[in-house]
Amino acid sequence: MATLNIQGRKVKVDDAFLSMSPDQQNAAVEEIAKSLPTPATGEEGDAAARAQAGIARAQAVVASGGPKPEGGHKVPDYQPPGFDMGAGGTFLTTTGEGVPIAGPYIDKGLTAAAAGIGSALTGEPYSKVSTDMQQMNETSRAAHPIARTAGNVTGAVAGTLPAMLAAPEAFGIGAASIPAQALVSAGSGGLINAADSAVRSGGDPRETFKGGLLGLGAGLAAPVVGPLVGKGVKAVADSLNLGSVARALGLDKRALSVVADAARQDTIDPAALGRLGDNGMLMDLGPNMRHTAGAIAATPGEGKQIVRSAIDARDTVANQRIRNALDQELGTAPVPSHITGGIEANQRALSPEYREALHNAGPVDTLPIARYLDQDIQSLRGEPQRVLQRVRSMLDHQPTPAEIAQARALGQPPPGTTLVTDAGELLNTRHAIDDMLETTQGTNTINSLSTARQAIDDELRASVPGIKEVDAKYSELARQRQAVQRGQTVLASGRDAPRPQELAQEFQKGALPQGMQIGPSAVPLRLREGARAEIERIVGTKANDRVALQQIIKGEGDWNRDRLTTLWGKDKADRVIDLLDRERQFADTSSIVTRNSESAARIAAQDAVTGESGRGFGAPEAFMAGGVRGAARAAGYRSAEKVINALRSGGNEKAISQMATALTSGQQSPVLNALMKVNLGSPLQQSQVDRVARALLLSSAERH
């Protein structure tokens with residue numbers, strides 16, 4: 001036990017007081033001082049008891065760590081009468097007061113709850129604490145009117161917004177037209193504010209009518225004012241977001257804004273730049289991006305040099321870039337004449353094998369063939385008749401000078417024309433027919449020649465053992481030579497070009513061996529070589545015109561893609577088509593940027609010479625002068641002209657250079673992601689602000 005002197009009184013304290021920390025002891029002393037009675041009425045014995053009670057209360061408060069702030073509406077601690085809670089406390093305690101209709105009841109409920117807590121902590125009567133709390137509220141609210149208004153507004157919005165989210169139709173949100181929204185919103189606003197005024201005025205009819213009238217007017221204005229407020233707040237938030245992104249990239253805010261606006265108008269796909277490969281630039285992603293680059297290319301300064309240098313550097317190596325990609329995907333391009341020359345040399349190399357087969361051959365019987373031809377010649381007319389007459393004459397053996405001399409020496413008459421009996425002569429006749437088939441046109445003529453050839457071939461097979469093995473080799477080489485020629489036509493668009501289904505059948509059938517051939521045929525390889533040679537020819541004549549190159553190789557529809565797929569597979573065909581599409585896109589960018597910059601520079605020079613400006617040559621005049629293309633060019637120039645004027649009026653060389661650098665950057669640049677972030681805007685949605693504004697308007701009755 002120990003004795004303390006507090007306010008001139010001796011107060012005994014136990015060991016619990018002595019074990020406290022200094023801060024805790026000070027708090028206990030303050031509680032004891034509050035508990036001591038006045039000298040006129042106090043008793044010494046009662047002081048000790050009150051001291052013990054004060055110590056116990058101090059220990060409880062200190063042990064709990066003191067009052068802790070909680071989220072949401074904070075119920076104030078009990079304070080003496082006339083205490084000023086400050087602006088923060090006033091704001092918190094008046095949010096409940098601002099809730100429409102139920103606000104007065106919520107405010108009284110919070111005050112009652114605070115009074116109950118204060119009474120429990122102090123031991124004072126509830127009525128006294130409640131009166132003190134009311135006096136404290138009045139003092140604080142009178143001292144801080146702005147905080148009170150802010151709290152009321154917060155409560156009004158917090159009380160109205162959940163209902164608006166739960167039943168938007170009841171507040172005119174989502175109605176078909178503005179008038180319909182205004183009518184529904186006016187009704188909701190009038191009812192809410194009339195009820196609120198009635199509660200706050202104690203049912204005063206005049207105040208109720210006044211509140212309903214104010215709510216009606218606010219409800220009528222809400223569908224118009226709300227979106228405007230939302231748009232304005234959203235614009236401010238987006239501007240702050242733009243500034244944040246620009247600072248993160250180290251770019252000028254205006255430069256990023258111009259490029260982001262062009263990207264937004266083009267609705268660019270972030271993945272599109274990756275599909276353009278290492279040579280793609282931001283300016284390739286859309287017409288507005290190109291026109292912006294063209295505008296910079298027409299503005300004297302460092303930005304112009306950056307844009308034009310990037311375009312020139314890419315265009316300079318375009319031809320080599322295309323050839324390297326085609327070689328990588330389709331292989332090195334062959335020369336058709338070299339291929340066919342090698343095939344013909346291999347055919348000639350078969351002559352010894354033919355001589356060996358003919359060495360042991362017996363005489364051939366051509367009489368059945370001659371009779372068949374004589375019959376067809378009598379019935380046919382026109383070209384089929386003429387070609388068969390030529391074949392029939394080849395079956396006649398004309399006596400040689402040696403045979404004539406031998407007959408004379410024997411005293412015999414000179415021999416006349418006879419049918420061929422030598423297998424070698426008949427073989428040469430077949431070769432002659434093969435040559436005729438290569439140049440003959442017309443279905444009937446070809447059928448007649450083919451039938452005659454088949455008859456001769458059957459006789460050779462029967463009379464010359466081993467000749468068909470040599471024929472198989474010769475026929476395979478002939479098929480390869482035809483495949484080279486066929487391959488050069490597969491990408492054509494004329495009637496003679498094969499349809500994708502036909503080419504697929506030819507390709508599959510061409511790999512199968514024919515006759516006595518062993519193993520797969522090289523016809524598919526020769527088809528690919530012929531097509532690759534034709535692609536190289538097109539590139540060689542059209543590489544400088546990448547638009548024409550893409551149109552010829554890719555074609556207008558899907559046929560050429562399907563044909564390339566048949567020859568080289570889908571993956572390689574897709575990569576080749578993508579290559580051509582990319583190069584055409586690069587060519588379009590170069591054309592637009594160069595054309596816009598030259599046109600703008602030329603008009604600016606003319607204005608400087610003549611002193612004129614603002615000439616009215618717009619899209620209608622351009623259409624009359626150059627049709628649809630002229631109008632498109634005029635529209636493109638007008639877009640570029642706006643950017644030029646904005647850049648010139650700004651006079652910010654650094655901003656222009658940064659825009660040029662951004663537009664010429666590739667897929668490794670962080671600019672594209674930044675543009676996407678800018679165009680997404682701040683997380684704050686205009687509709688959210690719109691609803692908050694409407695909630696405030698609909699709950700705007702005068703608070704009492």
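This is a predicted model: local features need pLDDT of at least 70, side-chain atom pairs count only at pLDDT 80 or more; totals for chains, interfaces and linings use all residues.

Modeller: Let us begin with the second largest cavity, which has a volume of about 30 Å³.

Colleague: What makes this space a cavity, and which residues line it?

Modeller: It is called a cavity because a 1.4 Å probe fits there but cannot get out. The residues that line the second largest cavity are Arg-308, Ile-311, Asp-312, Val-593 and Thr-594. Helix H13 (302-316) and helix H27 (570-610) each give two or more residues to that lining, and H13 gives the most, with three. By class, the lining of this cavity divides into two nonpolar, one polar and two charged residues.

Colleague: How many cavities of 30 Å³ or more does the rule count?

Modeller: The count comes to two.

Colleague: Why is the other kind of space called a pocket, and how much space lies in the largest pocket?

Modeller: A pocket is so called because its set of points is open, whereas a cavity is a set from which the probe cannot get out. About 1,200 Å³ of space lies in the largest pocket, and of the 34 residues that line it, the closest to its centre are Asp-434, Ser-475, Ala-478, Arg-479 and Gln-482. H22 gives the most to this lining, with twelve residues, and the lining of the largest pocket has seven nonpolar, 13 polar and 14 charged residues.

Colleague: How do you know that the buried residues of helix H4 lie on the same side of H4?

Modeller: The buried residues of H4 (residues 86-94), each under 20% relative accessible area, are Gly-89, Thr-90, Thr-93 and Thr-94. They cover an arc of only 120° around the axis, and therefore they lie on the same side of H4.

Key:
Residues are numbered from 1 along each chain as its sequence is written. Side-chain values use heavy atoms; hydrogens and water are left out. On a 1 Å grid over the protein atoms alone, a cavity is a set of points where a 1.4 Å probe fits but cannot get out, and a pocket is an open set with protein on both sides within 12 Å along at least five of seven lines; lining residues have an atom within 4 Å of a point. Grid points are joined across faces, edges and corners, and a volume is the space filled by probe spheres set on the points. Helices (H or I, at least four residues) and strands (E, at least two) are DSSP runs, numbered from the N terminus. Ala, Val, Leu, Ile, Met, Phe, Trp, Tyr, Cys and Pro count as nonpolar, Asp, Glu, Lys and Arg as charged, and the others, Gly among them, as polar. Buried means under 20% relative accessible area, exposed over 50%, partly exposed in between (1.4 Å probe, protein chains only). The arc is that of the directions from the helix axis to the C-beta atoms.
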